Amino acid sequence: MSEPNSSPVSRPGPPPGPDPRVARAQRLEGARRELIAATQRGEGGRNALRQYSHRMDALVQQLFAEAGQASQPVAVFALGGYGRRELCLHSDIDLLVMFAATIGPPDEKFLHAFLNPLWDLGLTVGHHVREVPEGAGLEADNPEFLLALTDARAIVGDATLLDQFLAASNMARTATRTLDALKALIAERHAKFNDTLYQLEPDIKEAPGGLRDLFGAQTIAMLTDPILLGQGGAGPRALEDAEEFLLKVRSILHLEAKRHHNILGHELQERAAEVLRYSGASPRQRVERFMGDYFRHARSIDRSLRWALRAAPAPIGRNLVRAADGIRFVDARAAAERPETWLALFQAALDHDTAVSDDALSCIHQNAGRFAPEDFLPGAAHRDALLRFLKPRRGLYARLSEMHDSGLLGQMIPEFKAINCRVVRDFYHKYTVDEHTLLTIKNLERLADPARPERERFARLLTELDAPELLVLSLLLHDVGKWTDEDHATESTRMARQLFERLDLEQESRDFVEFLVSQHLKMSLVAFRRDTEDPEIVRQFADLVGVEDRLKALCLMTLADVEAVSRETLTPWKEELLWRLYVDTYNFLTLAYGDEVIDRDHSAHSALSANRPADVSAEEIAEFLEGWPRRYLQLFSPAAVFHHVRQARDIGPDAVKAWLERSDAGWELTVLTYDKPFLFSNISGVLSSFGMDIQRGFAFTKPSGPIVDVFHFTDEERFLELNEGGEAQLLKTLQEVLTRRLDVAVRLKGREEGAFRRRLPGFAPVIHCDNESSRRYTIVEIVAENALGLLYRVSRAMSELGCDVDLVLIGTEGRRAIDVFHLTRNGEKLTAAQQLEVTDNLQRVLEGRP
Amino acid sequence: MKLIKSIVRPNKVDEVKAALEKLQISGMTVTEVRGHGKQKGHTAIYRGQEYNVSLLPKMEIEVVVPDSMADEAIKAIIEAARTGEIGDGRVFVIPVGESYKIRTGEKEG
């Protein structure tokens, strides 16, 4: 059992006197007498009700203390009018009892001990009982409860429980639903009164212009914009007067009717006019004046409610709303203290294709300087959110500019602050370094905007990048080193590494960004100033970039960077040169890489050997690597290479070593075994037979030694997720197929037929045979609509003709599969006749002909 | 006076400029151009599909020199721009009748 953590009242000892019930009844009676006296004086308004609420609080606190101990932290909150401290004489006492966790028998006992005396006192208690974890389902809770919660006020117990309860909820969705529920309830209620406030005998609580409308307008403002009611409608002063008037009248109605009664009938109108001392020779005159005031106040409320309904911004996130002038904080004062929430403001603006409002920007501008970089990105979730934010899309430049102008960007990323308004004089640049940098992102954003199809060939490259946000991060950092007059690419790289540490970026991402930042000038240099018709220049450039993803990113970075220098810099002429270098390098990387083989003298050996783990010898590494394309070393980290070396130890000709690993985008299957007929198609077939969608992959074969095949795939049918032991089952099936105990064709048959039936009208497949690009291999490039079992079918079609599938690059871009096969037949390139045979066979397979 | 108009490989511009500057010829107009001569472009393959690159990016450098310097300038351009491969470009020499400075209206040459 635990005590409530922060009870606002101390627990008294045993109550004095023989019967605590009598004492309680006397306390309540005393409070009522005070309120009645005030009401009779015509003063039953806000102050009197606050006083009565305060007395009720004391009673509740006493009962809480006397109820014994719950087994866990618990708190009681006042809801509705009581929560607003406007408890009337015969109003219900609306309470929320919140427990920290699941309620057990001691808690139920506590609950009874707490509530029973309230009932014994003759009070009408409306109570809700909740547990903190139930906050997760808050948005689905009943609308009246959601609304009541907006007025919740802690009376006794651990007041933080409500914060915890709300924190567990989806605040944005809950706020939206609360607002929607409120609007629906208002419409429903008004309909009952024929949508008019001009009632001869009005219900001062429920009718249009009544107290519920007033609270409705206040709630809308609270949920969306605290100053909303000051910006339109009748104005705050008129609302205060209306509230005071209605509360005084309501107190009179409760007193006169001796019950919870809110209808201002003719008789009660006379009584209220008298109590409130309206002047007039006859009761009728007094009533007319009194009702004139009533309608005036009701009109004020009605006007403000209509304004609130019309002008309220839409809640879209925690403490965020979308207003006419953009995204703003609901509570700017609270937001000012929580810099880790600021990025969400800009993300919301991006998501809703709007700006950030001026007042939110000025809040950030005034406060950003108070915080250190880590305050903006304190946790992994915040750092991930920054990377998500940097995905190129329409509006990113504008949002980054807002962040920069308000001081947030420089404070969050001090490296960027170093180039704030930095002027570098040269013959080309037309903007300050910071603006040039942001413009590069604008250029990239334009490529990503489907509404503005520009430079389609480059735009497509952007869609093909695995992590385009890392390209944006690289652009953001590429010129930060220009704060000094030294070699800026080197300085930018050094500064980028500082940011990597703070962002706790994965090693692979660090390498990618560091490559782009350090080499950002290289592609324009080669494209515009070197003879790119010289294959050696292309080869050297291909060596520098290593893999297609880096090439694509560097190409886009160069395009964006050149375009951001000035309006005239990126000419169609330069674009063409850049594109040609891209294509030549891409072709070298995908078509000619098979000729670049690792030999015993390769420099990578020494680097790997120097950092090798104790259980792997240098000789082992050299032996394992020899004969593979150098590309192998660009695709695998040293840790992966060492793992491959270990797995390849003592591997027999028939053995199959295969393992599955989870990756960011799905799964990765690695297979190490000796080459055998139909090996590649069998592995692809097994994956397809489990419904896996192969996205990327590589197959490396060398004349002696084992092969390494790696497949990145997504588990479309969630087989591995939903089936315990699914991974083992997949690997077992693979073993059986590769050791010829199971025919994968049988497993695939049903699935393939289904896949063919579901085929969408696609584009004609492209098959291109190339005997020129590689000295050792015939290359077959296939671009076709991606489909289940595609890789299996095409690789099988090639193996059936006696071809050895030596090297494979698998790629998927949207609906298109782009696969490049390096083939030999009996160790030789294919003849022209054999190429024709392969092409025909592939055409037949891709068209689904038998 | 002669107008010497040379079409060269983009990567040769710096070398041609340097060669002309050595001859004290510093005024020149450099333009990005696309076209083809005997080289006629070629067909490139990207992802299995052919695309034509018949108009190749080149640089055009124009200089006006006195008749007495023309041969020397032409020689310098050819030496600086030559690789020996197809696509090295062309040099055109055009006689210039008159030349005026726009600022002063002064006639030259």
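Residues are numbered from 1 along each chain as its sequence is written, and chains are lettered from A and ligands numbered from 1 in the order in which they are written. Because the model is predicted, local features need pLDDT of at least 70 and side-chain atom pairs count only at pLDDT 80 or more, while totals for chains, interfaces and linings use all residues.

Chain A has 38 helices and 15 strands. Helices (H or I, at least four residues) and strands (E, at least two) are DSSP runs, numbered from the N terminus. The C-alpha atoms of chain A fill a box of roughly 115 × 70 × 55 Å along the principal axes. The radius of gyration of chain A is 37 Å, whereas a compact globule of 850 residues would have one near 29 Å. This radius is taken over C-alpha atoms, and the globule rule is 2.2 Å times the number of residues to the power 0.38. Of the 850 residues of chain A, 42% count as buried. A residue is buried if 20 or more other C-beta atoms, placed from the backbone, lie within 10 Å of its own, exposed if 12 or fewer, and partly exposed in between.

Chain A is divided into domain 1 (20–169), domain 2 (176–312), domain 3 (397–591) and domain 4 (651–846). The bounds come from an automatic or database domain assignment. The centres of domain 1 and domain 3 of chain A, taken over C-alpha atoms, are separated by 60 Å.

One open sheet of chain A has four strands in the order β3-β2-β1-β4, with mixed pairing. Two strands pair if DSSP finds at least two bridges between them. β3 (125–131) and β4 (153–157) of chain A stand at the edges with a single partner strand each, so one side of each is left without a neighbour in the sheet. The twist averages 25° from one strand to the next. β1 (residues 74–78) and β4 of chain A run antiparallel and are joined by four bridges. A:F77 has A:A154 in β4(A) as its bridge partner. Helix α2 (residues 46–66) of chain A lies across β1, β2 (93–99) and β4 of chain A, at about 35° to β4(A). Axes are lines fitted to C-alpha atoms, for helices over the stretch in contact, and angles run from 0 to 180 degrees between N-to-C directions.

A second open sheet of chain A has three strands, ordered β5-β6-β7, with antiparallel pairing. Here β5 (314–317) and β7 (326–329) of chain A are the edge strands, each with a single partner strand, so one side of each lacks a neighbour in the sheet. Neighbouring strands of this sheet are turned by 40° against each other on average, direction ignored. Three bridges pair β5(A) with β6 (residues 320–323) of chain A. A:P315 has A:V321 in β6(A) as its bridge partner. Helix α13 (residues 342–351) of chain A lies across β5, β6 and β7 of chain A, at about 155° to β7(A).

A:G265 sits in the loop between α9 (236–257) and α10 (266–275) of chain A. A:G265 is partly exposed, with 15 other C-beta atoms within 10 Å.

The contact between the chains takes 19 residues from chain A and 15 residues from chain B. Residues are in contact if their C-beta atoms, placed from the backbone, lie within 7 Å. On the side of chain B that touches chain A, β3(B) gives the most, with three residues.

Technical notes:
Contact = placed C-beta atoms within 7 Å.
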